[in-house]
Amino acid sequence: MSTTVRTAVLTLPAAPLGPENPLPPLSAPQDVHGPGGGLPDDLPPDMARQVRHGRLRSLLPVRRRDDYGRKRVPTDVTAIVIENDRLRATVLPEFGGRVHSLLHKPTGRSLLYTNPVLQPAGYALNGAWFSGGIEWNTGATGHGPLATAPLHAARLPAPDGGEMLRLWEWERLRDLPFQVDLWLPDGSDFLYAGVRVRNPHDRPVPVYWWSNAAVPEDARTRILAPADAAWSYGRERTLRRVPVPAHDGADHTYLLAGERSGDHFYDLPDGERRWIAALDGDGHGLVQTSTDLLRGRKLYAWGTAPADRRRQEWLTEPGTGGYAEVQAGLTRTQLEHVPLEAGGEFAWLEAYGPLTADPGRIHGPDWAAARAEAAGRLQAVLPRATVDAAYAAWRPYADHAPKETLATGSGWGALEAERSGRELPGTPFPASALGDQQRPWQELLHTGVLTENGRDPGPSLVSPHWRELLEAAEPGPYASYHLGVAQWHAGDRSQAVRSWECALRDGLDWPALRCLAAADRAAGHHERAADRYAAAARTARTGGATPAALTALTREAACALLAAGRADDAARIVEGVPAPARAHGRFRLLHARILLARGDAAGARAVFDEGFDVDDLQEGERTLADVWCAVAERLVAGPGPVTAEVRARARESHPLPARYDHLA
């Protein structure tokens with residue numbers, strides 16, 4: 001059959017994403033992927049520079065996605081199918097352009113781990129993320145903020161004369177457009193992905209990119225890459241160079257060799273072909289290769305500890321198989337960002353397909369022989385020169401205009417195109433994509449006035465050119481509010497506070513109060529922050545704030561009141577939230593914290609015993625486990641002090657139940 005690109009509908013059990021959190025994320029993101037344990041002395045100088053380069057100050061202008069649940073219902077999901085006589089790739093344009101599945105038709109093998117459900121969890125930089133397939137991560141270290149967002153998608157001619165799928169969007173953390181072109185050459189066993197990231201600005205911008213493929217987890221599956229050493233990174237958040245395949249008494253090229261989850265970033269020598277493969281006990285599996293610019297390769301394995309097994313179950317349907325991740329990136333590790341010069345671009349080609357190798361050699365004791373076997377089989381089915389030639393053939397097509405729209409992404413790229421007057425060949429951002437979130441900014445651009453008509457202020461824009469427009473705007477509460485957010489993002493906190501005070505004086509009550517409260521809390525003024533948070537929550541309830549705003553604000557306010565030692569006030573604030581919202585796990589956890597702060601440890605323990613799930617618990621967040629430990633320690637200590645002996649007895653007598661032992 002000739003290669004085709006067509007639309008389809010998948011019906012999957014899915015938990016609704018819910019609305020965006022309307023409160024701008026003013027606090028610094030939790031840096032669970034940063035080098036918290038320091039940098040090793042043997043780190044190459046270029047890696048050290050790139051680790052220090054481009055760390056996020058905040059998630060702005062991106063909003064958080066944290067209003068999803070865990071109740072899944074059959075849901076129709078738009079899919080785009082790319083198919084030839086050898087492979088069938090199914091792509092989800094509404095979920096970050098993820099390749100949901102990749103089927104090798106002659107053997108009937110699924111080359112990827114395909115999650116049977118769409119279950120959001122708090123792993124992305126901005127919250128909601130789900131596992132499985134191939135995802136495209138850009139922006140900053142971690143799962144990207146577009147993981148559950150729609151991308152633009154279109155059909156256009158492929159370099160070999162067939163059809164190609166283009167996915168593109170404007171990534172807002174770095175203000176950069178990117179595209180992924182997917183096609184299957186006629187008769188090929190490999191899915192090609194041409195990727196390009198462009199910098200249309202007059203200044204360098206930090207860039208991050210890692211393509212992440214999920215593969216089925218099996219104790220006999222081995223990960224192979226052309227390296228004798230790797231940079232290991234785990235829960236202790238330290239980076240250390242280790243030998244491959246074995247260190248610390250285990251062969252970590254096997255998926256279930258380690259007890260705890262962790263990363264191995266393979267140190268591929270210069271000049272070596274870039275590839276990584278996951279091959280099962282019979283020598284079958286997935287291989288990924290690329291042109292040389294995409295230099296990094298990584299294995300993420302979950303490990304065998306009960307908490308890590310629970311984390312896998314949290315992301316899918318209990319009882320289904322687990323997965324591991326094989327990844328490819330622009331840098332040697334995911335702790336790094338690389339500068340992209342003004343007007344420049346990064347572009348490369350990736351290929352994903354089946355690989356079969358001699359299992360005796362792949363799983364033998366000689367690592368060099370195992371690597372050579374996989375590399376030789378890859379060269380036989382997809383020569384390095386073929387990949388380089390496919391990249392050269394694709395480059396002119398990267399600028400070709402899409403012919404038929406298949407899906408529509410956000411309007412932010414269209415707004416940037418209108419502001420700058422620039423056209424980016426190959427990735428049009430049409431004015432038809434502009435929506436309600438962009439309208440106030442269009443008005444600011446053309447009239448110098450920023451007005452809002454909704455019940456909550458819309459998203460803020462924080463890049464230098466928008467901040468300049470806000471500074472020159474006609475005075476008004478919304479202009480002052482958004483200017484304050486942009487100033488806060490730029491690190492000018494005193495000016496941000498002044499702008500929010502102006503917005504408050506001009507009648508923008510709870511949004512300005514909330515920002516001022518967050519500024520107070522960041523500065524350590526906990527009592528004043530508590531007062532302002534309480535006032536913001538009261539005015540939001542009476543001032544017609546949306547349910548999403550009221551819920552998010554109440555959560556923040558209650559935490560601030562608890563930090564100020566005002567548990568009774570926190571309880572009153574929470575009681576103002578409708579009962580269905582209070583039944584959610586995050587509010588159940590808040591209820592336990594309030595009871596503990598009031599001295600009712602037994603009541604707090606009863607909340608845990610009743611059972612709840614904190615749907616939006618973030619990766620690395622310790623809140624749930626910390627509250628459990630505090631409750632246990634108070635139950636053991638009684639009215640007495642919590643000593644080291646008490647803590648030890650509490651850990652022994654009140655272990656964290658398996659239900660809660662994940663993400664901690």
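The model is predicted, so local features need pLDDT of at least 70 and side-chain atom pairs count only at pLDDT 80 or more, while totals for chains, interfaces and linings use all residues. Residues are numbered from 1 along each chain as its sequence is written, and side-chain values use heavy atoms, with hydrogens and water left out.

**Nonpolar cores**
- The largest nonpolar core holds 84 residues; such a core is a set of buried Ala, Val, Leu, Ile, Met, Phe, Trp, Tyr and Cys residues joined through side-chain atoms within 4.5 Å.
- Buried means under 20% relative accessible area, exposed over 50%, and partly exposed in between (1.4 Å probe, protein chains only).
- Strand β26 (residues 345-356) gives the most to this core, with seven residues; strands (E, at least two residues) and helices (H or I, at least four) are DSSP runs, numbered from the N terminus.
- Tyr266 is among the residues with the most contacts inside this core, and its partners beyond four places in sequence include Ile223, Val244, Ile276 and Arg297; contact means heavy atoms within 4.5 Å.
- Another core, of 66 residues, lies apart from it and includes Leu434 and Ile594.

**Helix α8**
- His465, Trp466 and Leu470 are buried in helix α8 (residues 464-471).
- These buried residues fall within an arc of 140° seen down the axis, so they line one face of the helix; the arc is that of the directions from the helix axis to the C-beta atoms.
- Their cover includes α6 (412-420), α7 (439-447) and α9 (477-489).

**Glutamate 633**
- Glutamate 633 lies in helix α18 (residues 623-637) and is buried, with a relative accessible area of 16%.
- Beyond its neighbours within four places in sequence, glutamate 633 is in contact with Val642, Val646, Arg647 and Ala650.
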